[in-house]
Amino acid sequence: MQTIQILANAKLNLSLDIVGKRQDAYHEMEMVMHSVSLCDEVTITKTSNGKVEVWFDNEMLPSSEETTIHKAAKVFFASQRMPCMGLKIKVKKNIPSQAGLGGASADAAAVLLGLDKLYNAKLTWKQVCALGVQVGADVPFCLWGGAAVVRGIGEQIRSLPSLIEGVFVIAKPQTGVCTKEAFARFDEAEIHARPNTEQVIQAVENSDLPLLGKQCFNVFEQVCADDMTQKIKESMLLHGALGAQMTGSGSAVFGLFAQTEQADACVKALLKQPQVQMACVAHPERVGVLFCKDV
C-alpha cells in the first residue's frame with residue numbers, strides 16, 4: 001500500500017470546564033465531547049525524497065510551517081525507531097481554523113492512524129493515544145471519536161454512547177480565537193458560572209436532547225465570546241435550537257436541533273450574515289477517523 005485516504009472528523013465541546021492548572025502550566029480540563037460529520041480529507045502517500053511535505057487544498061507549494069501533521073509524523077517514526085523515507089500529505093480543509101472545532105488535531109489523528117496502517121505498525125489504542133498526547137491535547141479524543149468524557153490534559157477518556165438523534169448547526173464568524181490567548185484570558189478572569197458536567201453526561205447517555213440543550217455550557221464563553229458570538233447564538237435559538245454555545249476556545253458556535261428542517265433554515269439565515277464565514281449542518285458521528293480508500 002502506497003497511498004491512503006482518510007476522513008478526519010471535527011469535534012464539539014458539549015460542555016467545557018477548566019478545573020485546575022498544573023505546575024507545568026497545562027490546564028486540567030473536564031469536557032464532554034462529540035465527533036461530528038464536518039471533516040477534513042487527508043491523503044497520505046509514501047515518497048522517497050526523505051521529506052514530509054504537507055499540502056493544503058490547491059496550494060502550489062507545500063506548507064513551510066511546522067504543523068500538527070509534521071509533529072504527528074515525527075512522533076510516529078520516532079516511536080518506531082525508523083527513518084522517514086518521505087511522505088506527501090494532502091489535506092482538503094473543510095474544518096475552519098481558530099474555531100474550536102479541533103481541525104488541526106483531527107488532521108494529526110488521521111496521520112497517526114494512517115501511518116500505523118501504511119507501515120503495518122499495529123499500535124494499540126493506548127500506544128497511539130500516548131503518541132497523540134505528544135502532538136496536542138485534543139488529538140487523543142480525535143483518535144477515540146464518538147462521544148466521551150475527557151479529563152486531565154486530554155488523555156483521560158471515557159466513552160459515552162453516541163447521540164442517535166439530533167443534528168447540529170455549526171457557524172464560524174470571520175474572526176478567530178487563538179487557543180493560547182484564550183487560556184491566558186481565562187487565567188486572568190473571575191469565572192462565575194460552570195457547567196454541570198454530570199447533567200450533560202446524563203443527557204448524552206439518554207439521548208435526551210432537550211436536557212442536553214439546556215445543560216450545554218462552556219466556561220470560555222465568559223472570556224472569549226463577543227457580539228458576533230451572541231448574534232449567532234440568538235439566530236440559532238430563534239430558528240428552534242434546543243441550545244447554542246461556543247465550542248472549544250471559539251470562535252465557532254454550534255446549535256443543537258431536533259429537526260433537520262429547522263437546522264437547514266438556520267444555516268440559510270446565517271449565511272446571509274456578512275460576518276459569518278461559514279455555516280453548515282453536521283450530524284453526530286461514532287468515530288473520529290474514518291478510512292475511506294486504500295490505493
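The charged end of Lys117 sits over the ring of Phe291, at 4.4 Å from the ring centre. This is a predicted model. The largest pocket holds about 1300 Å³ of space, and 44 residues line that pocket. A search of the whole structure gives seven aromatic pairs.

**Charges over rings**
- Besides Lys117 over Phe291, the charged end of Lys88 is placed over the ring of Trp55, 4.6 Å from its centre.

**Aromatic pairs**
- The whole structure contains seven aromatic pairs; Phe76 and Phe77 are edge-to-face because their ring planes stand at 80°, with the centres 5.3 Å apart.
- Phe76 and Phe77 are both buried.
- Another edge-to-face pair is Phe168 with Phe254, at 5.8 Å centre to centre and 80° between the planes.
- That pair joins distant parts of the chain, since Phe168 lies in strand β7 (residues 167-173) and Phe254 in strand β10 (residues 253-257), 86 residues apart.
- Phe168 has a relative accessible area of 0% and is buried; Phe254, at 1% relative accessibility, also counts as buried.
- Phe76, Phe77 and Tyr119 are linked by ring pairs into a cluster.

**Largest pocket**
- The space in the largest pocket comes to about 1300 Å³; among its 44 lining residues, Ala104, Ser105, Ala137, Asp138 and Thr179 are the closest to the centre.
- Elements that each supply at least two lining residues are β1 (3-21), β2 (27-46), α1 (68-80), α2 (103-118), α3 (125-135) and α5 (179-188).
- Helix α2 gives the largest share of the lining, four residues.
- The lining consists of 21 nonpolar, 17 polar and six charged residues.

How values were computed
Residues are numbered from 1 along each chain as its sequence is written. This is a predicted model: local features need pLDDT of at least 70, side-chain atom pairs count only at pLDDT 80 or more; totals for chains, interfaces and linings use all residues. Side-chain values use heavy atoms; hydrogens and water are left out. On a 1 Å grid over the protein atoms alone, a cavity is a set of points where a 1.4 Å probe fits but cannot get out, and a pocket is an open set with protein on both sides within 12 Å along at least five of seven lines; lining residues have an atom within 4 Å of a point. Grid points are joined across faces, edges and corners, and a volume is the space filled by probe spheres set on the points. Ala, Val, Leu, Ile, Met, Phe, Trp, Tyr, Cys and Pro count as nonpolar, Asp, Glu, Lys and Arg as charged, and the others, Gly among them, as polar. Rings of Phe, Tyr and Trp (its six-membered ring) pair if their centres lie within 6.5 Å; planes under 30 degrees apart count as stacked, over 60 as edge-to-face and the rest as tilted. Buried means under 20% relative accessible area, exposed over 50%, partly exposed in between (1.4 Å probe, protein chains only). A charge sits over a ring if NZ of Lys or CZ of Arg is within 6 Å of the ring centre and within 35 degrees of the ring normal.
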